[in-house]
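Q: I have just opened this structure and would like a walk through it. Could you take me through it slowly?

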Amino acid sequence: MADLANISQNLIDGRAQVVGQLVTDAINEGVLLQSVLNDALIVGMNEVGRRFKANEFYVPEVLLAARAMHRAMDILKPLLADNKVQPRGVVALATIEGDLHDIGSNLVGMMLEGSGFQVIDLGVDCSAEKFVAAVKEHKPHVVAMSALLTTTMTNMKTTIHALDEVGVRKTVKVMVGGAPLTQRYADEIGADGYAPDAASAAELAAVLMNKGT
Ligand code: B12
């Protein structure tokens with residue numbers, strides 16, 4: 001009998017190989033994919049997020065858990081696609097133009113995926129033009145921008161302006177984050193939301209989704 005709490009615990013402990021095996025076993029035993037995702041993996045990632053917020057976990061532990069989550073998602077993704085399980089929403093995520101820092105945005109992406117969002121990962125050094133093209137192509141519900149440098153965070157405003165200029169700004173919610181960002185700055189540049197960490201980013205995306213466009 002599959003022990004979903006055991007999967008959560010191994011995910012929290014960052015044991016990628018064990019998590020992969022337990023997830024495969026659970027599926028073979030007939031546990032529903034949604035249950036593996038929601039009752040084992042997301043529960044585990046939520047706990048990782050909670051510990052990170054509470055300073056009980058630091059970046060290395062989060063990255064290990066994120067790796068374990070990736071391993072599980074690699075197994076689940078093709079099966080979920082076959083089963084046509086609808087994602088909760090679509091988020092286009094990138095680190096802003098001029099900026100190569102991606103550890104934080106990868107964590108945000110993992111937490112979003114762990115919360116049931118489909119993430120379109122546009123990578124690092126993402127120009128306003130690339131964001132605009134991605135919004136037109138993928139029609140995401142949320143655009144998520146990350147910046148780690150005070151010199152690049154201004155490019156967030158440029159991107160919001162570019163979305164506005166081509167008439168797609170009102171079709172998406174924009175959320176921003178990264179170490180130099182603040183709620184005040186987010187308000188100043190006309191973003192819809194700011195979150196200080198990856199766990200809050202996933203919560204924020206869900207809130208923005210519920211607000212609609
Ligand atoms: C690792 C690192 C690098 C690595 C990046 C590797 C990589 N693949 O990411 C390397 C070595 C490449 C690098 C390069 C540079 N770096 Co650097 N780097 C760092 C360092 C040490 C850690 C950043 C990090 O990963 N933190 C851990 C993650 C988990 O935290 P985070 O990114 O803040 O993300 C969290 C939140 O902010 C939030 N979040 C992040 N993104 C988003 C997005 C959304 C939508 C939301 C809601 C939330 C959210 O959630 C995340 C998880 O909780 C910081 C110092 C520091 N303590 O921050 C300097 C730092 C950011 N770097 C700095 C500098 C100056 C540079 C360089 C210019 C150095 C140089 N002279 O070449 C270059 C710039 C390169 C470029 N063009 O981007 C400065 C920036 C100063 C400033 N205020 O502008 C810092 C602060 C160091 C310092 N004290 O001087 N860097």
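Q: What should I know before we start?
A: This is a predicted model, in which local features need pLDDT of at least 70 and side-chain atom pairs count only at pLDDT 80 or more, while totals for chains, interfaces and linings use all residues. Residues are numbered from 1 along each chain as its sequence is written, and side-chain values use heavy atoms, with hydrogens and water left out.

Q: OK, in what order do the strands of the sheet run?
A: The order is β2-β1-β3-β4-β5, an open sheet of 5 strands with parallel pairing; strands are DSSP runs of E with at least two residues, helices are runs of H or I with at least four, both numbered from the N terminus, and two strands pair if DSSP finds at least two bridges between them. The edge strands, each pairing on one side only, are β2 (118-121) and β5 (193-194).

Q: And β4, is that buried or exposed?
A: In β4, 5 of the 5 residues are buried, so this strand is largely enclosed by the rest of the structure; buried means under 20% relative accessible area, exposed over 50%, and partly exposed in between, with a 1.4 Å probe and protein chains only. Lys-173, Met-175 and Gly-177 point one way from β4, whereas Val-174 and Val-176 point the other way.

Q: How many bridges link β4 to β3?
A: There are 5 bridges, in the parallel sense, and Val-142 has Lys-173 in β4 as its bridge partner. Between β3 and β4 the chain passes through helix α7 (residues 154-165) in a right-handed β-α-β crossover, meaning that, with the strands pointing away from the viewer, the path from the first strand over the helix to the second runs clockwise.

Q: Switching topic, which residue does the cobalt atom have as its donor?
A: The cobalt atom of the ligand has a single donor from the protein, His-101 (NE2), 2.3 Å away. Donors are N, O and S atoms within 2.8 Å of the metal (3.2 Å for Na, K and Ca), and water is not among the atoms, so sites may look incomplete.

Q: Where does His-101 lie?
A: His-101 is in the loop between β1 and α5.

Q: Last one: which element gives the most to the largest nonpolar core?
A: That core has 48 residues, with Leu-112 and Met-175 among those touching the most other members, and α4 gives the most, with 9 residues. A nonpolar core is a set of buried Ala, Val, Leu, Ile, Met, Phe, Trp, Tyr and Cys residues joined through side-chain atoms within 4.5 Å.
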